[in-house]
Amino acid sequence: MFDKIKQFEKELAEYTGAPYAIMTDCCTHAIEMCLRYDGVRGLKMTPFTYLSIPMTMHKLGIDYVYLEEDKQEWVGEYEFRYTRVWDCARRLEKDMYRPGTMQCLSFGHTKPLHIGRGGAILLDDRKAYETLIRQRYDGRDLNISPWQEQRVFKVGYHYKPTIEEAELGLALLEGLRDKPQAPKFVAYPDLRNIKIEE
């Protein structure tokens, strides 16, 4: 039943040069899972990003500081300083994977692989992979079917992709191989000018 998701993950990993890929329901949840897994308590990041990112920091209780930049300097991706996590929402290229990192992708409408929704984590940490691959699907081991046959579940999240998204992703990834896209600059508002209230 989940063969298309597994196939998409395999082909995405091969395309990007990552040892492992985990498909999720969105990039923000991919970032959240990575930060949770590593137990991140503080970081620095660009103030030029999407609103869901500082919202995630509040949700997880992570102390964050915006980098003092006068203008947006990143194209395609940026790192969360003092972590191994990268927001690569606007980048998808052949052999883009950086060893030792967790790079989070987005498949939204304006992204290189425009499925409409969804995301992924690229990583080379086998232990993290084995944990996160289950966490994204309510703690389930997708090799056990029906799920009721599984007896032990570690806490997971309902951040699962759909089979239909994986099928579309496979078709779009094939087209991307023929016409690779370089990341484009996208202007985000300066989030230092907003206030988030509980």
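Colleague: In which loop is Pro146 found?

Modeller: Pro146 is found in the loop between helix H4 (126–135) and H5; helices (H or I, at least four residues) and strands (E, at least two) are DSSP runs, numbered from the N terminus. This is a predicted model, in which local features need pLDDT of at least 70 and side-chain atom pairs count only at pLDDT 80 or more, while totals for chains, interfaces and linings use all residues. Residues are numbered from 1 along each chain as its sequence is written, and side-chain values use heavy atoms, with hydrogens and water left out.

Colleague: Is the peptide bond from Ser145 to Pro146 cis or trans?

Modeller: Most peptide bonds are trans, and most residues other than glycine have a negative phi. The bond from Ser145 to Pro146 is cis, with omega near 0°.

Colleague: Which value of phi does Tyr82 have?

Modeller: Tyr82 has a positive phi of about 75°, although it is not a glycine. Tyr82 lies in the loop between strand S4 (78–79) and strand S5 (85–87). With a relative accessible area of 67%, Tyr82 is exposed; buried means under 20% relative accessible area, exposed over 50% and partly exposed in between (1.4 Å probe, protein chains only). Asp138 also has a positive phi, near 60°, and is placed in the loop between H4 and H5. Asp138 counts as partly exposed, at 31% relative accessibility.

Colleague: How many residues has the largest nonpolar core?

Modeller: In soluble globular proteins, nonpolar side chains tend to be buried together. A nonpolar core is a set of buried Ala, Val, Leu, Ile, Met, Phe, Trp, Tyr and Cys residues joined through side-chain atoms within 4.5 Å. The largest one here has 60 residues, and those with the most contacts inside it include Leu12, Leu35 and Phe80. Helix H2 (residues 27–38) supplies the largest share of this core, six residues. Leaving aside residues up to four places away in sequence, Leu12 touches Ala21, Leu92, Leu105, Phe107, Ala120, Leu122 and Leu173, contact meaning heavy atoms within 4.5 Å.

Colleague: At what angle do helix H1 and helix H5 pack?

Modeller: Axes are lines fitted to C-alpha atoms, for helices over the stretch in contact, and angles run from 0 to 180 degrees between N-to-C directions. Helix H1 (residues 3–16) and helix H5 (residues 163–178) pack at about 30°, with their axes 8 Å apart. H1 is therefore roughly parallel to H5, since angles under 35 degrees count as roughly parallel, over 145 as roughly antiparallel, 65 to 115 as roughly perpendicular and the rest as oblique. Among the residues making the contact are Phe8 and Leu12 of H1 and Leu170 and Leu173 of H5.
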